[in-house]
Amino acid sequence: PMIRGLSGRSNVVCHIHDAIVVDVHPDEAIQVAKIINEWATVKVREHWPWITMPLKMEAEISEVDGSWADMSRLNFKDA
């Protein structure tokens with residue numbers, strides 16, 4: 001699944017090196033985090049098999065219309 005294939009309410013804003021900024025509709029936050037995690041930790045290693053070390057992703061989220069200064073960790077793996 002791709003983020004574009006969801007409702008159209010969530011979009012990638014930008015990515016810089018190993019960070020990605022996404023404008024996510026609250027109803028899609030967990031689903032978007034799981035999609036990004038799959039691509040960042042599994043699909044990238046399938047595409048470049050020379051990456052032999054395990055990759056992991058962490059996600060932070062703000063309140064709706066919140067600030068980057070007030071972020072909290074998003075636990076999407078258990079959801």
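Q: What makes a residue buried, partly exposed or exposed?
A: Buried means under 20% relative accessible area, exposed means over 50%, and partly exposed lies in between, with a 1.4 Å probe and protein chains only.

Q: Why is tryptophan 68 called exposed?
A: The relative accessible area of tryptophan 68 is 67%. Exposed requires over 50%, so tryptophan 68 counts as exposed. Its place is in the loop between β3 (60-61) and β4 (72-73). The C-alpha atoms of tryptophan 68 and arginine 9 are separated by 20 Å, and the two residues are 59 residues apart along the chain.

Q: What kind of model is this, and how are its residues numbered?
A: This is a predicted model, in which local features need pLDDT of at least 70, side-chain atom pairs count only at pLDDT 80 or more, and totals for chains, interfaces and linings use all residues. Residues are numbered from 1 along each chain as its sequence is written, and side-chain values use heavy atoms, with hydrogens and water left out.

Q: What makes a stretch of the chain a helix or a strand, and how many of each are there?
A: Helices (H or I, at least four residues) and strands (E, at least two) are DSSP runs, numbered from the N terminus. The protein chain has one helix and four strands. Their order from the N terminus is β-β-α-β-β.

Q: Why is histidine 17 called exposed?
A: Histidine 17 has a relative accessibility of 81%. The cut-off for exposed is over 50%, and histidine 17 therefore counts as exposed. Histidine 17 is found in the loop between β1 (11-16) and β2 (19-23). Phi of histidine 17 is near 50 degrees, which is positive although the residue is not glycine.

Q: Why is glutamine 31 called partly exposed?
A: Glutamine 31 has a relative accessible area of 41%. This value lies between 20% and 50%, so glutamine 31 is partly exposed. Glutamine 31 belongs to helix α1 (residues 29-47).

Q: Why is serine 7 called partly exposed?
A: The relative accessible area of serine 7 is 44%, so this residue is partly exposed. Serine 7 lies in the segment before β1. Serine 7 and glutamate 46 are 39 residues apart in sequence, and their C-alpha atoms are 27 Å apart in space.

Q: How do you know that the charged end of lysine 43 sits over the ring of tryptophan 39?
A: A charge sits over a ring if NZ of Lys or CZ of Arg is within 6 Å of the ring centre and within 35 degrees of the ring normal. The charged end of lysine 43 is 5.8 Å from the ring centre of tryptophan 39 and sits over that ring. Tryptophan 39 lies in helix α1. With a relative accessible area of 43%, tryptophan 39 is partly exposed.

Q: How many of the residues count as buried, as a percentage?
A: Of the 79 residues of the protein chain, 22% count as buried.
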